[in-house]
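Here's a quick tour for anyone meeting this structure for the first time. Take a look, then read on.

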Amino acid sequence: MPTAIDNASLPSRSKLANIDKSHNLDRLPRLVPRKKAPPQQNPLPVPPTPPLPPPVDPQNFHSHKPTRRILSPHDYEIFEASPTYSLILSFVFSLSQAAADKKISSTYQEEASDAIEKLLSVLYAVEEIITRCPPADQGGSRFGNPSFRDFLDTIAVESPSWHSLLNVQSDSAVVEVSTYLHNSFGNRARIDYGSGHELNFMMWLLCLNRLSILPQSTFPRLSLQVFPRYIRLMRQIQSTYYLEPAGSHGVWGLDDYHFLPFLFGASQLLHHPYIRPLSIHNELVLEEEGDEYIYLDMVRETMASKSVKGLKWTQPMLDDISGAKNWEKVEQGMRRMFVKEVLGKLPVMQHFLFGSLVPAAEGMSREEELGVNPEEKEPEGGEMRVAQDGVKHVHRSDAWGDCCGIKIPSTVAATQEAKKKGEEDSFRRIPFD
């Protein structure tokens, strides 16, 4: 049976107060000030700008029509280590650097260039063809309009006279150079457009540079006059013929069609005194400065073409990039993305064309050796398998394709159809929008 505890056996309060508690205090962990975590380093180095080689020697130059040469992963490995790979990087990054810290309007104060004026006249001639090849009535369909093929066929007919105006001398050189221009506006069979077609426009300009028609002194106006004019022309083509986004819809999270305007545009804003990456969320900045800066113009156009307000929902990568500390970080990121997501993607580069001005390296496959038809002769919606152990290159209208993705109507098409019905303020979101 329990007994009461004898109070005399318990220590008094005075004794408890005298107990040395120092040994207990030693057991407490010491407070250590938190150290600021080191900033995360991007494992991918910033791609440098290789030196641009001199133009070709006309005496040792033999033109031929460009064809696809990246027909297997091994072909791509050869290309990646070739001088042509460096040539492409050099030209694109040199154009980007030429736009650094410049407004578009500042280039109009530079000395006039006959070559630039002729290039702009070519783009105006292409725009005029749109009016001569109106879109066919598709009964409200938002997929690619077949009249786009008539548009491209007309360009092919008139292109030789344009290149004669540009002082491209021989007929064989005209065939080579014009091939890149023809492929700058989209794919004839699939009626789509993507970063690979945009790259073809760059290669058209590169060919003219290699022929000494566009020296480096013209690069600022190429970047800030000719290229923006091409982008505006493409918007008109996309909205007229409902070009579908090539590849998986929204693969960039930047824009459904374009990539390079964001590289050139970030270079423009490198040291701007008050426009920050976060300024793309300010509609007043977009409205007042969008005509001067390509990046802001692209954001403004992207927001206008979407059925949901807010980059967070429609262009999440653009939204994430806006949190960058400065435009230098953005520009470096765009360089990395161009190398990794454009030149580094086999589904994009297997469509790339090699001629004599943009040559393939020794050892790369040829279409005729593998019995592969040129891309322009591929049947619409058909299949093509390139190399038994190489790239499986499939275009299908009813399933996912390994290179070009599922057929998806563009948001531009949705907007245009809504306008026709007077519903531009209330149209519903389309799938994948």
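## A buried ring and its partner

Is F259 buried or exposed? F259 is buried, at a relative accessible area of 0%. Keep in mind that this is a predicted model.

There are 21 aromatic pairs in the structure. In one of them, F259 and F338 are stacked, with 6.3 Å centre to centre and 15 degrees between the planes. F259 sits in the loop between strand 3 (244-245) and helix 10, while F338 is in helix 15, so the pair ties together parts 79 residues apart in sequence. F338 is buried too, with a relative accessible area of 1%.

Then there's Y295 with W327, an edge-to-face pair at 5.0 Å centre to centre and 75 degrees between the planes. Y295 belongs to helix 12 and W327 to helix 15, so this pair links parts that are 32 residues apart in sequence. Both Y295 and W327 are buried.

## Getting to know helix 15

Helix 15 covers residues 327-342 and spans 21 Å from its first C-alpha to its last, close to the expected 22 Å. At its start, a side-chain oxygen of N326 comes within 3.2 Å of the backbone nitrogen of E328.

The buried residues of helix 15 include V330, M334 and R335. Helix 15's buried residues pack against several helices, among them helix 4 (83-98) and helix 8 (195-210). R335 also lies over the face of F93, 4.3 Å from the ring centre.

## A stop at E367

E367 is found in helix 17 (residues 367-370). E367 counts as buried because its relative accessibility is 5%. Its side chain makes a polar contact of 2.9 Å with that of R68.

Note on methods:
Residues are numbered from 1 along each chain as its sequence is written. This is a predicted model: local features need pLDDT of at least 70, side-chain atom pairs count only at pLDDT 80 or more; totals for chains, interfaces and linings use all residues. Side-chain values use heavy atoms; hydrogens and water are left out. Helices (H or I, at least four residues) and strands (E, at least two) are DSSP runs, numbered from the N terminus. Buried means under 20% relative accessible area, exposed over 50%, partly exposed in between (1.4 Å probe, protein chains only). A polar contact is a pair of N or O atoms within 3.5 Å; within protein, one must be able to donate a hydrogen and the other to accept it, and residues adjacent in sequence count only if both atoms are side-chain atoms. The expected span of a helix is 1.5 Å times one less than its number of residues. Contact means heavy atoms within 4.5 Å. Rings of Phe, Tyr and Trp (its six-membered ring) pair if their centres lie within 6.5 Å; planes under 30 degrees apart count as stacked, over 60 as edge-to-face and the rest as tilted. A charge sits over a ring if NZ of Lys or CZ of Arg is within 6 Å of the ring centre and within 35 degrees of the ring normal.
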